[in-house]
Amino acid sequence: MLIAGFPAGAWGTNCYLVAPAAGEECVIIDPGHQAADGVAEAVAKHRLKPVAVVLTHGHIDHVASVVPVCGAHDVPAWIHPADRFMMSDPEKALGRSIGAQLMGELTVGEPSDVQELSDGARLSLAGLELTVAHAPGHTKGSVTFRMPEAADVPSVFFSGDLLFAGSIGRTDLPGGDHDEMLDSLARVCLPLDDSTVVLSGHGPQTTIGHERATNPYLRQVAAGLGSPGAPRRGM
């Protein structure tokens with residue numbers, strides 16, 4: 001298994017290229033702000049052939065490079081229908097105070113081929129199997145992608161802005177909902193094995209076991225006590 005990740009743009013959003021091995025087809029996850037050059041470098045370094053872009057949600061820090069990346073490789077983008085509008089109207093998704101600051105530097109819009117994700121869908125792409133879980137809270141159309149355990153490789157969970165190392169995604173932007181976030185944490189994250197590797201939208205990798213033991217939000221949700229007032233992250 002090859003997973004090449006790098007933080008991109010002003011928000012340090014993690015973009016991932018995932019393939020069975022170097023020299024094979026790959027999936028690109030969340031090519032955000034200023035990610036196109038990093039994607040091109042990783043593709044060349046590992047001799048990869050992109051077949052799809054998949055998106056954990058529609059915020060501009062996760063989708064800003066979708067059009068150039070999809071266009072360069074002639075591949076579709078996959079996104080949940082509730083967040084699809086954000087690719088063309090990021091200001092509506094972020095609120096004017098944040099969105100207006102970005103409009104001068106970004107070219108927004110959809111790639112030529114957009115496919116829609118649904119809860120429980122299993123995507124077979126590039127020789128990989130990604131299981132989709134709808135996880136609203138950060139946005140209405142937030143999703144996660146889980147890859148099953150294989151041989152000596154533990155299960156990998158691409159959590160987007162649902163779960164971070166030590167924190168969770170913010171819920172104060174348009175479409176955010178704190179109660180939905182807590183429900184998504186309980187429904188999507190808690191059932192996962194402790195050995196599951198978490199690759200999130202921002203920050204370092206972690207595991208479900210570590211977060212279950214130390215993340216104040218996940219601990220409180222697991223105990224059925226709601227959510228503490230710890231800092232949250234993401235755009």
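Trainee: At about what angle does helix 6 run to strand 8?
Mentor: Keep in mind that this is a predicted model. Helix 6 spans residues 178–189 and lies across strand 8 (128–134), strand 9 (143–147) and strand 10 (156–160). Its angle to strand 8 is about 145°.

Trainee: In what order do the six strands of the open sheet come?
Mentor: The pairing in this sheet is mixed. Strand 7 (122–125) and strand 14 (206–207) each have a single partner strand, so one side of each is left without a neighbour in the sheet. With those two at the edges, the order is 7-8-9-10-13-14.

Trainee: Which residue of strand 14 is the bridge partner of Val198?
Mentor: Let's look at strand 13 from both sides. Strand 10 and strand 13 run parallel, joined by four bridges, and Phe157 stands opposite Val198 there. Strand 13 (residues 197–200) pairs with strand 14 in the antiparallel sense over two bridges. One of the partners is Thr207, for Val197, while the partner of Val198 is Thr206.

Trainee: Are the faces of strand 13 covered or uncovered?
Mentor: In a regular strand, side chains alternate between the two faces of the sheet. Val197 and Leu199 lie on one side, Val198 and Ser200 on the other, and all are buried. Both faces of strand 13 are therefore covered, with buried meaning under 20% relative accessible area.

Trainee: Which residue in the hairpin turn has a positive phi?
Mentor: The hairpin is formed by strand 13 and strand 14, with five residues between them. The positive phi in its turn is about 85°, and the residue is Gly203.

Methods
Residues are numbered from 1 along each chain as its sequence is written. This is a predicted model: local features need pLDDT of at least 70, side-chain atom pairs count only at pLDDT 80 or more; totals for chains, interfaces and linings use all residues. Side-chain values use heavy atoms; hydrogens and water are left out. Two strands pair if DSSP finds at least two bridges between them. Contact means heavy atoms within 4.5 Å. Axes are lines fitted to C-alpha atoms, for helices over the stretch in contact, and angles run from 0 to 180 degrees between N-to-C directions. Buried means under 20% relative accessible area, exposed over 50%, partly exposed in between (1.4 Å probe, protein chains only).
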